[in-house]
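Colleague: Please take a close look at one part of this model, the interface between the two chains. What holds the sides together, and where do the contacts come from?

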Amino acid sequence: MQEQPDVEVDLDGIEEVHECPRCGRPFRRERQRDLHLGEAHGDLTDDEQAAYEDATEAETDDLFFFHMKVVVALGVLYSSTVLLYTAIVGLTG
Amino acid sequence: MREAGRALLAGTVAAVVAARPAAAHGIAEAGATGSAPLWVVLLGGGAVVAGSFLFATLLTDHEAIRAVNQWRLTLPAPGSVFARGADALAVLGVLALAAVVVVGLAGPSDPRSNLAVLVVFGLWWAGYTMSVYLLGNTWGALNPWRALGRVVPRQEDRELPANGDWPAAVGLLGVIWLEVVSPVADDPRLLAVVVLAYTVVTLGGVARYGEAWFETVDPLSRVFACFGRLAPVERTDDGLALRLPGAAAADWRRGEDISVPLVVALLWGTTFDGLVATPPWAAVAGPLVDAGVPAAPLYLLGLLGGFGLFVAVYRGAARWSRRTAESTVSTRYVAAWFVPALLPIAAGYHVAHFLGFLLRLAPSLGAAATSPLSPPQVGFLGLPGWYGSLQLVFVLAGHVFAIWVAHGLSFDLFPGRLQPIRSQYPFTGVMVLYTMTSMWIISQPYATPPGV
């Protein structure tokens, strides 16, 4: 279990929140709340456990696509930097 | 002396980023072939920071991140060693303070050979500060005012206000302002007077508020406590623990002695100290000073204006982070949560700014230490041309560490794996801009700050 910070929240302009049934911490998204439950609190009920597992699965799927984008971004960043340096050295050398 | 130090500091870097029109500043014509123009170096620096962030996002396991940041190697050591070490350091600190005052008043008036100036600006603010963030925070033991505070009569009849964040930040900005506008680094007598004044204020504070003065108000103690969080060596109940650099900063919890204004003041103060010695500052401040604007308030305005800008940008990033992370956590909380990530940046900038300064002064320090009242004349130590690129590497390394510290902090604040990453978009953006700004300042040739 992860030790939880005692956060200060600001709900101004936020219409809907999902509160953690154990510690009351509010979240903007249901998935955030479900993930928090599994990470922060032990002995979940069966429903909570199922929700945590669903949320983890959805997060893993999203993370996969996110990481694809990261790999592409890293590739672009790397190759454009190398190209830029090559061009500069070619021009000034 | 500060000028001489800064001039060399700037000159060596300029040799690296040399493809700029050399005639403009009359520097660094050597090495222009094949080296990149400044803007390319800056873009490259920004790319390294952005790339580090992208790499960090690949590590998303809460347990693994925490395992890295909480890894410790305990080195058992008996408490008596620490007690004796602390006593020895306290004696050393008091002797050094006495030496600074005596030599400052009675020693040679040339700052380049006066031990007081060399000790305060070279050995202590450049060298000792590095030991705090590279090794461990020993200031609690060395602090001469703490030792002297034990013997002053105390009333301790006042409680410090609960929110003591601002006095230390204001004190720090005040010290930086004094260092920039007054000839305190060039006039040993003035330095001795300033040190005595600091002593009087500090001991007065201790007499009134007790040890809490050092934990709350005293800017030096607060700065070293912050920097000490980056150090790999940590004092524990059983002895010493070895940690990864920056891990203690990633582990910092709110409620402990952490302060957004102080850390931002530290970061901005180091930046400002470099900025005033650049040609663009001279181009802006020079005409104003010539037109009769007094320098001291002008620099104060610049210092406070820049500080306000830094605080606003940092708070803006925190507010924006709340949005990108879709979080209910308040802006104030987010800002305070991530502020330890600014410390490696401040430390990286400090090394870049002061390591060369310390090395150059080393021969003078040695000479002045052997004979404080009539030191032999020695020259400055020359530094190789590649030292300039090393400075840029230090700035970059600070930012890369900062990315890692912020990454660890984000996974402790937000659940899941995407929310913590998304919370870092604004901070990373600001950091990329700041990397390029500070690399630009470091690479500027030295220009005498106008009017001071």
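**The interface of chain A and chain B**

Modeller: In this predicted model, 38 residues of chain A are in contact with 41 residues of chain B. Chain A and chain B bury about 3,200 Å² between them. Of that area, 61% lies on carbon and sulfur atoms.

Two salt bridges are counted between chain A and chain B. One of these salt bridges joins the side chains of Arg29(A) and Glu326(B), at 2.4 Å from N to O.

Next, the elements behind the chain A side. Three of them give two or more residues to the side that touches chain B. They are strand S2 (26-27), helix H1 (30-40) and helix H2 (46-92) of chain A. H2(A) provides the largest share, with 17 residues.

Composition follows. The residues of chain A on the side that touches chain B divide into 19 nonpolar, nine polar and ten charged.

In short, the chain A side draws its largest share of residues from H2(A), and two salt bridges are counted between the chains.

Terms used:
Residues are numbered from 1 along each chain as its sequence is written. Chains are lettered from A and ligands numbered from 1 in the order in which they are written. This is a predicted model: local features need pLDDT of at least 70, side-chain atom pairs count only at pLDDT 80 or more; totals for chains, interfaces and linings use all residues. Side-chain values use heavy atoms; hydrogens and water are left out. Contact means heavy atoms within 4.5 Å. Buried area is the accessible area (1.4 Å probe) that two parts lose on being put together, summed over both. A salt bridge is a side-chain nitrogen of Lys or Arg within 4 Å of a carboxyl oxygen of Asp or Glu. Helices (H or I, at least four residues) and strands (E, at least two) are DSSP runs, numbered from the N terminus. Ala, Val, Leu, Ile, Met, Phe, Trp, Tyr, Cys and Pro count as nonpolar, Asp, Glu, Lys and Arg as charged, and the others, Gly among them, as polar.
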